[in-house]
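Please keep the sequence and the model in view while reading.

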Amino acid sequence: MELKYTSGYIYISPEDDCHKVVDAMLASNYNEEFCLAGDFNPDFIANLMEAGFLVMSMNMAQEDEDPFYILLPKLHLVRSALFFENLHVKKSIRRLLNRYELRANADFDYIIDRCVEKHGCDWLTPPLVENIKKIREISDISHNSPLVPCSKPYPFSFALYRNGKFAAGEFGVVCGKVYTSYSGFYDEDNAGTVQIILTAYYLKENGFSFFDLGMPLDYKTGFGAVDISPERFVQLFRP
């Protein structure tokens with residue numbers, strides 16, 4: 001496949017086969033994490049997700065201009081993957097786990113909106129959020145169903161409660177046997193850590209291969225996550 005470029009970045013169109021784009025990126029040793037795309041159609045965004053991209057967005061307009069949004073499909077040059085046999089839980093956290101209740105596939109709209117509220121809309125732009133919600137709405141998967149591996153991308157959420165009160169949450173995308181975390185937040189100390197651990201337990205119990213944590217960070221390594229190459233990630237991600 002011949003890749004298209006604009007401003008030095010690969011440009012992906014809805015008519016492109018996103019899997020073949022990924023193959024060509026890896027074969028050409030493309031040394032950028034981001035590609036560019038301009039179409040916010042939910043089917044196109046879902047195709048990008050299915051190919052292994054973590055889909056981000058950006059407003060290209062200046063402050064005095066009307067918003068002009070683009071998509072930034074991201075294939076990490078280094079990816080943080082938590083394989084469940086490597087999960088490390090500190091003793092100080094282990095004793096807190098049974099104080100909380102993890103609710104899977106719950107409070108999705110609330111969680112994604114709170115992530116925007118907490119972290120801003122620099123990459124979770126309004127049209128991206130709108131279309132992530134649309135992908136979820138048009139999915140064949142019931143919003144009340146438990147999380148299981150599925151062939152098509154499905155936006156999913158995890159909500160953490162303590163004594164009936166919301167404590168933390170995150171949302172991401174399920175595709176195949178992988179759950180990719182997009183963003184999260186917490187409302188009390190240690191709740192974010194507990195939520196990640198209980199989410200890892202849940203994924204393991206429901207037949208997932210690993211927990212895709214995206215960009216490597218020290219706190220993820222502390223959970224036992226390891227850095228893998230994009231080639232290895234794609235190999236593990238594809239069915």
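Which residues of the largest nonpolar core touch the most other members? They are I12, F53, V55, L71 and F171, in a core of 54 residues. Helix 1 (residues 18-27) gives the most to this core, namely six residues. A nonpolar core is a set of buried Ala, Val, Leu, Ile, Met, Phe, Trp, Tyr and Cys residues joined through side-chain atoms within 4.5 Å. Buried stands for under 20% relative accessible area, exposed for over 50%, and partly exposed for values in between (1.4 Å probe, protein chains only). Helices (H or I, at least four residues) and strands (E, at least two) are DSSP runs numbered from the N terminus.

The model is predicted: local features need pLDDT of at least 70, side-chain atom pairs count only at pLDDT 80 or more, and totals for chains, interfaces and linings use all residues. Residues are numbered from 1 along each chain as its sequence is written, and side-chain values use heavy atoms, with hydrogens and water left out.

Not counting residues up to four places away in sequence, F53 touches I12, C18, V21, V22, M25, C35, L48, P73, K74, L75 and Y182. Contact here means heavy atoms within 4.5 Å.

F223 is buried, at 7% relative accessibility. With neighbours within four places in sequence left aside, the contacts of F223 are L82, N86, L87, H88, T193, I196 and I197. Between F223 and L3 there are 220 residues in sequence and 37 Å in space, C-alpha to C-alpha.

Is T125 buried or exposed? T125 is buried, with a relative accessible area of 0%. T125 sits in the loop between helix 4 (108-119) and helix 5 (126-138). Its side chain makes a polar contact with the side chain of S57 at 2.8 Å. A polar contact is a pair of N or O atoms within 3.5 Å; within protein, one must be able to donate a hydrogen and the other to accept it, and residues adjacent in sequence count only if both atoms are side-chain atoms. Leaving aside neighbours within four places in sequence, T125 is in contact with F40, S57, M58, N59 and Y69.

M58, one of these contacts, belongs to strand 3 (residues 54-59). M58 is partly exposed, with a relative accessible area of 37%. Together with M60 and F68, M58 makes a nonpolar surface patch of about 300 Å². Patches are made of residues with over 30% relative accessible area and no salt bridge; like charges are joined within 9 Å and nonpolar side chains (Val, Leu, Ile, Met, Phe, Trp, Tyr) within 5 Å. Accessible areas come from the Shrake-Rupley method with a 1.4 Å probe, and for residues only the protein chains shown count as cover.

**Salt bridges**

How many salt bridges does a search of the whole structure find? The search finds 12. A salt bridge is a side-chain nitrogen of Lys or Arg within 4 Å of a carboxyl oxygen of Asp or Glu. Three of the pairs are listed below.

| D16 | K4 | 3.0 Å |

D16 is buried, at 15% relative accessible area, whereas K4 is partly exposed at 31%.

In the second pair, E101 is partly exposed at 40%, and R103 is partly exposed at 31%.

R162 is partly exposed, at 32% relative accessibility.

A network of salt bridges links R114, E117, K118 and D187.

**Positive phi values**

N105 has a phi near 60°, a positive value in a residue other than glycine. N105 is found in the loop between strand 6 (101-104) and helix 4, and is buried at 6% relative accessibility. N190, also not a glycine, has a positive phi near 75°. N190 lies in the loop between strand 9 and helix 6 and is partly exposed at 39% relative accessibility.
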